[in-house]
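Please open the model in your viewer and keep the sequence beside it.

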Amino acid sequence: MIKNSNGNNFSVLKNITDCHTHILPSIDDGPSDADVSRQMIDSLLLQGAAAAILTPHFYPHETNINDFLFLRNESYKILTENLKTDLKLILGSEAFFCINFEHFDNIGSLCIEGTDLILFEIPFPDSMTAKILKQVEKFLSMHNYTPIIAHIDRYPFFNTKNIHILHEFIDMGCLLQMGTAPLKEKGTAKFAVNLVKEGLISFIGSDCHNIKYRTPDIADAYKVLTDKFGISETQKFIDNSNRILGVS
Ligand SMILES: [Fe+2]
């Protein structure tokens with residue numbers, strides 16, 4: 001049973017996966033200690049989540065892949081030591097997609113555990129979008145990994161006039177992840193719901209960083225979807241996300 005932010009039960013959606021989280025402690029701008037991480041995990045469980053993809057930031061201009069993996073493993077050890085939880089925790093990353101990314105060694109280790117899916121945060125300036133599209137195309141010509149474009153709602157092109165950009169990413173072989181916020185906000189809800197309806201969105205993720213202002217808030221967003229599409233159709237969306245992720 002899912003509870004929304006007001007503590008009210010509202011649906012019986014099952015097996016929700018939060019596909020984008022900064023739950024791992026002391027590795028990026030997420031929680032600084034494991035106590036907060038555990039509160040985030042408890043919050044997701046309370047809202048009906050069954051799994052979370054752990055996607056700490058990987059910034060190639062700050063570190064290299066091997067050092068990142070070492071820190072991620074250390075953080076995971078700290079989090080899971082004596083942790084008893086029903087939330088399935090799956091390792092991944094949020095890799096900042098930069099020029100020459102396609103030439104890095106060991107890119108596959110950044111993928112979501114057990115998949116060929118790699119979550120890309122692309123540069124934010126609108127002026128770079130055309131260049132990034134070409135760069136992603138080049139990446140795809142060299143690798144068999146499937147990019148998931150993270151939090152597409154946070155880019156300037158997230159509007160009805162530029163929907164062709166979302167299609168361009170999909171047409172070249174990318175999948176799109178949307179945050180929970182645009183589903184809940186009046187100004188964006190209609191557009192966000194329509195993207196789900198049109199099948200452009202494969203994943204929804206909270207992009208949670210803490211328990212104060214970037215929270216693991218998923219229930220209210222799924223309530224918007226169940227209100228619009230009904231429980232059965234929303235469950236199909238969740239099941240399809242899990243199928244792609246290989247989450248059972
Ligand atoms: Fe993120």
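What you see is a predicted model, in which local features need pLDDT of at least 70 and side-chain atom pairs count only at pLDDT 80 or more, while totals for chains, interfaces and linings use all residues. To find your selections, note that residues are numbered from 1 along each chain as its sequence is written.

Still with everything shown, turn the model: along its principal axes the C-alpha trace spans about 50 × 45 × 30 Å. A compact globule of 248 residues would have a radius of gyration near 18 Å, and the protein, with 17 Å, agrees with this; the radius is taken over C-alpha atoms, and the globule rule is 2.2 Å times the number of residues to the power 0.38.

Next, select the six strands that form an open sheet in the order β5-β7-β8-β9-β10-β11, with parallel pairing; two strands pair if DSSP finds at least two bridges between them. Because β5 (57-58) and β11 (203-205) stand at the edges, each with a single partner strand, one side of each is left without a neighbour in the sheet.

Move on to helix α7 (residues 219-245) and pick out Leu245. Is Leu245 buried or exposed? Leu245 is buried, with 22 other C-beta atoms within 10 Å; a residue is buried if 20 or more other C-beta atoms, placed from the backbone, lie within 10 Å of its own, exposed if 12 or fewer, and partly exposed in between. Not counting residues up to four places away in sequence, Leu245 touches Thr17, Ile112 and Thr115, where contact requires C-beta atoms, placed from the backbone, within 7 Å.

Finally, visit two loops. Select Asn15, in the loop between β2 (9-11) and β3 (16-21), which has a positive phi of about 60° although it is not a glycine; with 16 C-beta neighbours inside 10 Å, Asn15 counts as partly exposed. Then select Asn106, in the loop between β7 (94-96) and β8, where phi is positive at about 65° although Asn106 is not a glycine. Asn106 is exposed, with 11 other C-beta atoms within 10 Å.

Technical notes: Helices (H or I, at least four residues) and strands (E, at least two) are DSSP runs, numbered from the N terminus. Two residues are in contact if their C-beta atoms, placed from the backbone, lie within 7 Å.
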